[in-house]
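Here is a briefing on one structure.

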Amino acid sequence: MIKDITIGQFFPGKSPVHRMDPRVKIVLTMVFIIMLFVADKIWGLLIGIAFTVFAYAISRIPGKMILKCLKPIVPIIIFTAVLNLFFIRTGKKLFEAGFILITDDGVNTAVFMVVRIICLIVGTSLLTYTTSPIDLTDAIERLLSPLKLIKVPVHELAMMMTIALRFIPTLIEETDKIMSAQKARGADMETGSIVKRARALVPVLIPLFVSSFRRAEELALAMECRCYHGGEGRTRMKQLKVSCVDFVAVAVTVVFFAGIIVINHLV
Amino acid sequence: MSDFIQAKNLKFSYINEIEEPPVRTEVLKDINLEIHKGEFVAVLGHNGSGKSTLAKCFNAINIPESGTVTVNGLDTKDEDNLLEIRKTAGMVFQNPDNQIVATIVEEDVAFALENMGVEPNEIRKRVDEALKTVGMYEYREHAPHKLSGGQKQRVAIAGVIAMQPECILLDEPTAMLDPKGRAEVMKTIKQLNREHGVTIVLITHYMEEAAQADRIVVIDSGDIVMDNVPKKVFSQVSTLKNLGLDVPQVTQLAYGLKKAGYDISTEIITEDECVEALERILADA
């Protein structure tokens, strides 16, 4: 059971969004974020929403995934809404009771911020839904490669990411085994207060740590045996290629962005 | 025939620097060994006899304390030879989980080639070839953690043969596998040796696996105590037992029969040979 977990939230598919070059996807996601913050009129924001919906529609990601990615940020959304509602005191008075003062400016900003955050999360989640972690790491490594000039260890960071991703299932499996072993010897991990349960995890974590170090040592050796000597002079089997889909995606994004700027000035 | 791997007066010790004063454990004492090109050599020895240490000396993971190890004429002591030696002598370890680097089978097989700076198209070609050789081609896009132990170990072997090494060192590659996985891996190893002419150094605990080699080297507390063809090595049943090692079941049977007074050769190491010999005895009686 525990073995079947998916790493990250990748949702395999063959849609145009899936086929895009991950580098282009990352860049366009950033452009999208900027787009949301440039839009300061209601129509501009609607274009932002339209863009998000459009992207989801062609990626064929099921709608329930949208709700799933929003779930963890509900408190943040509520918090921002409340903050904006009560602390903006300019504009027409709508409601007043004691120290509470709600104005139309406040309502406006609150709605704006909430929509913006929702679009932001939903839109950026699309990147991780449609890109496998390995492609993502790969793309990040290549996008950040100019930083090598100022001695940022880009390749090493990407390699660490890859290895971490690779070992997540292995370590989960191992945790499962150790827990079973401890339970077989009478360890109680499911009852008692949180403190008690946390304490019951110590005999699981220690062997897990010890074995991780052993694994790390062996892996390092195995990597050396396969001529690993850092990122220098390394080639890749899979070359990332910018294709038609990417040009279309860039064009579409540019059109939407332009629309927002035009609306900002006209309305 | 030239000596492909050559160890001369090889000495090696592990030094535990945490202890005060540092503790030195001598693992290999004065090893002299030559391995020829295309040979299939099995290395036997009980736990702690130094057999893994020896294998690690052959691809410059361990550098000899004194004496020399040369691989294809390259001295392992010279840092400049390091990559060339590792390309020539690939190594497969016991636990397949701890030697797979990537999250996709084919990416992992490509790992060594990427490190060597091979052209992308050439990598693709060699990865496909390597996966076909070990019979894992149809699993090329799978995640390694979803494969069985034997399959994972074959992927690890593919990762090594993609480098097209002339020699593969295998450190108990079947120790963590079930009988089926063990058979798969052994079949792959033998095929590499017979069909592709790859030199094999197989470290193992299983006598049945060692019996399939061209030559067996037995190591005990850092010394070579036997070095001969399997038949000759296994015929010395009592010597092997004293070293804490077993012999294949069929050899054991023949040995027992011989002791009981039957006229049977003690150089029996395969089931077929055993059946033949038993038939003869039964026919005589």
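Strand β4 (residues 66–71) of chain B is joined to β5(B) by two bridges, and the two run antiparallel. Strands pair if DSSP finds at least two bridges between them. This is a predicted model: local features need pLDDT of at least 70, side-chain atom pairs count only at pLDDT 80 or more, and totals for chains, interfaces and linings use all residues. Residues are numbered from 1 along each chain as its sequence is written, while chains are lettered from A and ligands numbered from 1 in the order in which they are written.

**Sheet in chain B**
- Val71(B) faces Leu74(B) of β5(B).
- The open sheet has four strands in the order β2-β1-β4-β5 (chain B), paired antiparallel.
- β2 (23–36) and β5 (74–75) of chain B are at the edges with a single partner strand each, so one side of each has no neighbour in the sheet.
- Helices (H or I, at least four residues) and strands (E, at least two) are DSSP runs, numbered from the N terminus.

**Contact between the chains**
- Chain B gives 33 residues and chain A gives 25 residues; residues are in contact if their C-beta atoms, placed from the backbone, lie within 7 Å.
- On the side of chain B that touches chain A, α2 (82–88), β6 (89–92), α3 (105–116) and α4 (120–133) of chain B each give two or more residues.
- The largest share of that side, seven residues, is from α3(B).

**Helix α5 of chain A**
- Helix α5 (residues 74–87) of chain A has 14 residues and spans 20 Å from first C-alpha to last, close to the 20 Å expected at 1.5 Å a residue (1.5 Å times one less than its number of residues).
- Among the 14 residues of α5(A), the count of buried ones is zero (buried: 20 or more other C-beta atoms within 10 Å of the residue's own, with C-beta atoms placed from the backbone).

Note on methods. A residue is buried if 20 or more other C-beta atoms lie within 10 Å of its own, exposed if 12 or fewer, and partly exposed in between; C-beta atoms are placed from the backbone. Two residues are in contact if their C-beta atoms, placed from the backbone, lie within 7 Å.
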